[in-house]
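Biologist: Please take a close look at one helix pair for me. Go through the crossing first, then the residues that meet there.

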Amino acid sequence: MSRHKKPVSLGASLRGATQFLSDRTGQSETVLCALIIRMAVVCLSFQPIAQVSHDHAAFGAEMGWVARSIALGHGFSSPFFPSTGPTALMPPLFPYLLACVFRVCGIYTATAAFVILSIDSLLSALTCIPIRMSLFEVIGERRAQLASWLWVIYPFAIYFSAVHVWDYALTSFLFATSFCFAQRIHLHDGSLAWCGFGLLCGLTVLSNPSVLSTFPFLFLLALLKVRGADGRWSRCGVVFLLSMILVVTPWMIRNCFVMHAASPVRDGFWLEFWAGNAGDTSTSNPSWAHPASNPAEMQLFEKEGEAAYLAHKRSTALTYVGHYPVSFAVVSCRRAIRFWTGFWSVRSQYLYSEPLDVPNVFFCTSITFLMLRGIFRWWKEARRELLPYLFLLIVFPIPYYLTHSSMDYRQPIEPQIIVLVTIGIVGFKDRIASADSPEVTTSRQYQAEPVMAYTSNRKSL
């Protein structure tokens with residue numbers, strides 16, 4: 001038996017439509033302002049990136065070297081400046097994007113630098129949209145809009161999109177959108193939305209597989225919400241898994257056949273693990289441990305080949321950890337502290353080589369304090385909606401606690417951090433104080449229309 005919705009008055013409909021249009025207008029303003037700020041920084045940073053050097057390391061380093069190989073017709077290979085053959089050290093999405101820019105604008109040209117940084121800046125600006133949508137359903141438009149404005153001026157979001165040629169902005173945008181999908185997909189009926197969700201998650205993994213550990217929980221969260229809305233959760237789950245597998249599997253097959261080793265998306269974990277656990281704690285990630293900055297390691301990489309070189313590093317690193325487990329535990333704790341505060345050492349030699357670490361420590365620690373305050377406030381008001389964020393903050397950093405950590409490694413989850421920071425700053429007070437106001441009641445009725453229609457259609461079936 002179908003259930004009819006209560007008619008909505010003309011005045012309420014007009015107010016709802018007005019709010020809908022104003023929400024879109026405010027959203028466009030944040031995206032535009034974010035893009036303007038980032039493009040201003042791009043105009044100052046693209047020329048130094050394109051300056052001629054012996055290896056063009058400033059132009060994306062490993063990402064740029066692989067993109068150069070693709071643009072020259074040599075395929076996905078040579079993750080370092082010398083030609084070293086096929087590789088799986090890098091995930092494929094950003095190198096192919098950069099290779100397209102190289103083919104159109106020239107390899108390592110100033111035009112190419114300007115174009116790729118502009119694309120990154122646009123993606124970073126568009127991330128305002130999933131940030132706002134993730135918070136809108138939980139705490140209302142005012143707080144959601146504030147979160148997107150904080151992203152507009154967030155220094156990390158600006159710096160890592162407008163100054164560095166890397167996958168930071170691409171991954172942040174894709175993952176923030178995937179996260180938003182997981183929160184809202186129960187509002188949509190049919191398999192098409194779940195197919196899109198799976199395709200999006202697959203693309204995100206191909207951009208940066210560091211987010212893969214979080215997808216099982218987001219997937220289960222979305223399924224539980226569909227089940228709670230009387231949806232066909234089993235069908236939705238199958239569609240999602242098939243769609244995600246469809247995107248990721250071809251690359252996995254390529255790696256198995258080309259690299260002759262099991263490397264699902266990328267195979268560089270053991271190199272990073274060895275770099276962070278080779279006994280040198282002067283920095284979190286010593287430069288001498290990488291072939292790109294150590295000729296001796298580069299010669300060894302060329303001699304052994306990528307698969308054998310990484311297997312050698314795996315054996316060496318595990319042997320070291322087995323002999324010095326206490327040291328490994330201590331340095332892992334130091335990496336965890338660095339991930340959330342930016343702090344590594346107070347040695348004068350280290351601070352001389354990293355002069356920006358001191359202000360960075362104050363900034364990162366402040367962000368972490370506000371984030372924790374936001375978690376505390378959210379936990380008191382709406383624990384269920386907080387769980388995805390808590391799981392993300394617990395699971396995502398684990399590989400970096402084991403290898404090495406710095407601010408660039410946490411960029412995929414910075415949008416979610418900003419959401420928590422927003423609540424840490426302003427809390428839930430306005431929502432509680434205005435819960436019974438006519439404007440909020442009308443707004444909630446308007447927002448609830450899709451959910452009511454969805455439930456009604458399900459019960460009529």
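Modeller: Helix 12 and helix 14 cross in a left-handed way. Left-handed means that the near helix is turned anticlockwise from the far one by less than a right angle. Helices here are DSSP runs (H or I, at least four residues), numbered from the N terminus. The model is predicted: local features need pLDDT of at least 70, side-chain atom pairs count only at pLDDT 80 or more, and totals for chains, interfaces and linings use all residues. Residues are numbered from 1 along each chain as its sequence is written, and side-chain values use heavy atoms, with hydrogens and water left out.

Now the geometry. Helix 12 spans residues 269-276, and helix 14 spans residues 306-323. Their axes come within 8 Å and cross at roughly 40°. Axes are lines fitted to C-alpha atoms over the stretch in contact, and angles run from 0 to 180 degrees between N-to-C directions.

Next, the residues in contact (heavy atoms within 4.5 Å). Helix 12 brings Trp270, Leu271, Phe273 and Trp274. Helix 14 answers with Tyr309, Leu310, Lys313, Arg314, Thr316, Ala317, Leu318 and Val321. By class, this contact holds 9 nonpolar, 1 polar and 2 charged residues. Nonpolar covers Ala, Val, Leu, Ile, Met, Phe, Trp, Tyr, Cys and Pro; charged covers Asp, Glu, Lys and Arg; the others, Gly among them, are polar.

Last, the setting. The protein has 22 helices and 0 strands.

How values were computed: Helix = DSSP H or I, 4+ residues; strand = E, 2+ residues; numbered from the N terminus.
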